[in-house]
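Please look over the sequence and the model before reading on.

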Amino acid sequence: MAFSADPTAQPYVVEDCRGVLQLLSDGTVVRSAALPFPVDGNVAYNDHGRVEWQDAVYDAGLGLGLRMYKPTTNAREEGKKLPVLVYFHGGGFCIGSCTWPNFHAGCLRLAAELPAVVLSFDYRLAPEHRLPAAHEDAAAALLWLQNQLASDPWLADAANPRKVFVSGESAGGNIAHHLALRFGRAGLDPMRIEGYILLMPAFCSEQPTQSELDSPPTAFLTRETFDRYCRLFLPAGANKDHPLVNPFGPESPSLETLDVGRVLVVAAEGDLLRDKNVEYAERLRAARGKENDGIELVVFTGEEHAFFGVKPMSAATGELVRVIRRFMATETEAAC
């Protein structure tokens, strides 16, 4: 992206992401503490004292942290270790934090209603840190967690390191896919990843899908907004067929190489990414070439992109939590 070469010119806005991130003509990035969408009182989740949480740091050098959640002792069966859900938030790789109230409420709800130990990780954001920075940070997060689950008393008290699920929404779902490519389910011993949960993952291609073409300008995620994110997070000179965003691109690794146990893909009917999400699940199934392949696809009727993160207290999110609970319970039972 070219910027003005005139040092006397007044900087102007080149890119604006939902009013909370602006890229100026001189290359300066301006971030706001405001949230990119309205948050009313309904975003707060009342866990009725069933969940405790605390913040931690997994990479002090980069200033990267996470928020950790677990059901209280009184809210879980005595002596029973719980599955672990690793979660990466959305935000087009450009905005977002595990501390945002909507993401916090969603993770509280997951911890209480699954129930599970939930670990919500931050990662470096574009355009200051273009991809693959976020993928590198997510890999570092899992490597940090590899021994932390057993060595950290706060986690070891509740977490079962052999029942780990890696999840994320939107950009976070994309991250989960790339973690699956890197680690599969057996590459982090003594920690074991039992499955991956991709919520409306951010996949795209140079050739637009029908759901992209049909997406109205009033959608929560429009083609214009998504294209803006791509300009900010893709490596310099890359397009939408880059392996980082197109899992079916000409240079992307084959899905046949994935050894990931079970995978849950969640799509939203009103999401411009719907067709790519559905195609991802279908191609995973084809790559396995067998029935009862462990690939589950759920499309939420009437919902838009990132409804979990944007509307953590909605009825649709409640149903999504139940879908995730069934998925995790089935895997846990199958692995016993």
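P115 is found in the loop between α1 (101-113) and β7 (117-121), where helices (H or I, at least four residues) and strands (E, at least two) are DSSP runs numbered from the N terminus. This is a predicted model, in which local features need pLDDT of at least 70 and side-chain atom pairs count only at pLDDT 80 or more, while totals for chains, interfaces and linings use all residues. Residues are numbered from 1 along each chain as its sequence is written, and side-chain values use heavy atoms, with hydrogens and water left out.

**Cis peptide bonds**

- The peptide bond that leads from L114 into P115 is cis, and its omega is near -20°.
- A cis peptide bond also joins A126 and P127, with omega about 5°, and P127 is found in the loop between β7 and α2 (133-151).

**The chain as a whole**

- The chain contains nine helices and eleven strands. Its radius of gyration is 19 Å, close to the 20 Å that the globule rule gives for 336 residues, so the chain is as compact as a globular protein of that length; the radius is taken over C-alpha atoms, and the rule is 2.2 Å times the number of residues to the power 0.38.
- Along its principal axes, the C-alpha trace spans about 65 × 45 × 35 Å.
- Of the 336 residues, 56% are buried, a term that means under 20% relative accessible area, with exposed meaning over 50% and partly exposed in between (1.4 Å probe, protein chains only).
- Among contacts (heavy atoms within 4.5 Å) between residues at least 6 apart in sequence, 73% join residues at least 24 apart.
- The chain exposes about 14,100 Å², of which carbon and sulfur atoms supply 49%; these areas come from the Shrake-Rupley method with a 1.4 Å probe, and for residues only the protein chains shown count as cover.

- Strand β11 (residues 295-300) pairs with β10 in the parallel sense over six bridges, and A267 stands opposite V299 in β11.
- L297, which is placed in strand β11, is partly exposed, with a relative accessible area of 24%. The C-alpha atoms of L297 and L264 are separated by 6.0 Å, although the two residues are 33 residues apart along the chain.
- Leaving aside neighbours within four places in sequence, L297 is in contact with V265, V278, A281 and R285.

- β1 (13-17) and β2 (21-24) run antiparallel and are joined by four bridges, with C17 standing opposite L21 in β2.
- The two strands β1 and β2 form a hairpin with three residues between them, and R18 in the turn has a positive phi of about 55°.
- Helix α6 (residues 223-233) has T225, F226, R228, Y229, C230, L232 and F233 among its buried residues, and their cover includes β1 and β2.

**Individual loop residues**

- F93, in the loop between β6 (82-88) and α1, has a phi near 65°, which is a positive value in a residue other than glycine; F93 is buried, with a relative accessible area of 2%.
- M200, in the loop between β9 and α5 (210-214), is likewise a residue other than glycine with a positive phi, near 45°, and M200 counts as buried at 0% relative accessibility.
- R76 lies in the loop between β5 (64-71) and β6 and counts as buried at 12% relative accessibility. Not counting residues up to four places away in sequence, R76 touches K70, P71, L82, D157 and A158.

Notes:
Pairing = 2+ DSSP bridges.
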